[in-house]
Amino acid sequence: MLDGDPGTIWHTDYTEADAPYPHWVTLKLDGQSWVDGFGYLGRQSGGPNGRVKDYRVAVSHDGREWTTVAEGSLVDARDMQRVTFDPVRASYVRFTALDALNGQPFAAAAEMRVLGTPVDPPSGFPPGTRG
């Protein structure tokens, strides 16, 4: 779900194990960032299992204490769905799926994206022209 390939997916356990909602994914950022959105792309093939309906997005500085920054409902769409919220400083982002569009106990995603900018962007020199 972070590989840039919408043909691959992350999916919760779908064996005989009982794994009811909620399901979540925690993303550790590369340092502190100003986060102002989240992107979710549902699975593109293989049927409707796991397409998330209701969700929660939370952020954290330490990966232990969480602050909810967005909650809502997604739709059955083939495009990336973007959730936006006021910028907040964070080192971790957690996407929690609360239920599925088809009512089954699974969650899946083809791609997920954290939207924002690093607090301390990389510095250096602009690239030179090539001859």
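## Overall organisation

Among contacts in the protein between residues at least 6 apart in sequence, 81% join residues at least 24 apart; contact here means heavy atoms within 4.5 Å. The model is a predicted one, in which local features need pLDDT of at least 70 and side-chain atom pairs count only at pLDDT 80 or more, while totals for chains, interfaces and linings use all residues. Residues are numbered from 1 along each chain as its sequence is written, and side-chain values use heavy atoms, with hydrogens and water left out.

The protein has 7 strands and 0 helices, and its elements run β-β-β-β-β-β-β from the N terminus on. Helices (H or I, at least four residues) and strands (E, at least two) are DSSP runs, numbered from the N terminus. Taken along the principal axes, the box filled by the C-alpha atoms is roughly 55 × 40 × 25 Å.

## Surface and charge

Of the 131 residues of the protein, 37% count as buried. Buried means under 20% relative accessible area, exposed over 50%, and partly exposed in between (1.4 Å probe, protein chains only). The accessible surface comes to about 8,000 Å², and 50% of it belongs to carbon and sulfur atoms; such areas come from the Shrake-Rupley method with a 1.4 Å probe, and for residues only the protein chains shown count as cover.

The protein carries 12 positive and 17 negative charges, whose mean positions are 4 Å apart. Lys and Arg count as positive and Asp and Glu as negative, whereas His and the chain ends are not counted. The place of a charge is taken as NZ of Lys, CZ of Arg, CG of Asp or CD of Glu.

## The aromatic cluster

A search of the whole structure finds 4 aromatic pairs. Rings of Phe, Tyr and Trp (its six-membered ring) pair if their centres lie within 6.5 Å; planes under 30 degrees apart count as stacked, over 60 as edge-to-face and the rest as tilted. Phe38 and Phe95 form a stacked pair, with 5.1 Å from centre to centre and 5 degrees between the planes. This pair links distant parts of the chain, since Phe38 belongs to strand β2 and Phe95 to strand β5 (residues 81-97), 57 residues apart. Both Phe38 and Phe95 are buried.

Tyr55 and Phe95 form another stacked pair, at 6.1 Å centre to centre and 15 degrees between the planes. Here too distant parts of the chain are linked: Tyr55 lies in strand β3 and Phe95 in strand β5, 40 residues apart. The relative accessible area is 8% for Tyr55, which is therefore buried, and 3% for Phe95, which is buried as well. Ring pairs link Phe38, Tyr40, Tyr55 and Phe95 into a cluster.

## A cis peptide bond and its surroundings

Which kind of peptide bond joins Tyr21 and Pro22? The bond is cis, with omega about 5 degrees. With 19% relative accessibility, Tyr21 counts as buried. Beyond its neighbours within four places in sequence, Tyr21 has contacts that include Ala97, Leu98, Gln104 and Phe106. Tyr21 and Ala107 are 86 residues apart along the chain, yet their C-alpha atoms are separated by 8.3 Å.

Leu98 is located in the loop between β5 and β6 (108-109). Because its relative accessibility is 29%, Leu98 counts as partly exposed.

Arg51 lies in the loop between β2 (23-41) and β3 (54-60). Is Arg51 buried or exposed? Arg51 is buried, because its relative accessible area is 16%. The side chains of Arg51 and Asp76 make a polar contact at 3.2 Å. A polar contact is a pair of N or O atoms within 3.5 Å; within protein, one must be able to donate a hydrogen and the other to accept it, and residues adjacent in sequence count only if both atoms are side-chain atoms.

Glu111 has its place in strand β7 (residues 111-118) and counts as buried at 4% relative accessibility. A polar atom of the Glu111 side chain lies 3.2 Å from the backbone nitrogen of Gly4. Leaving aside neighbours within four places in sequence, residues in contact with Glu111 include Met1, Gly4, Tyr40 and Met80.
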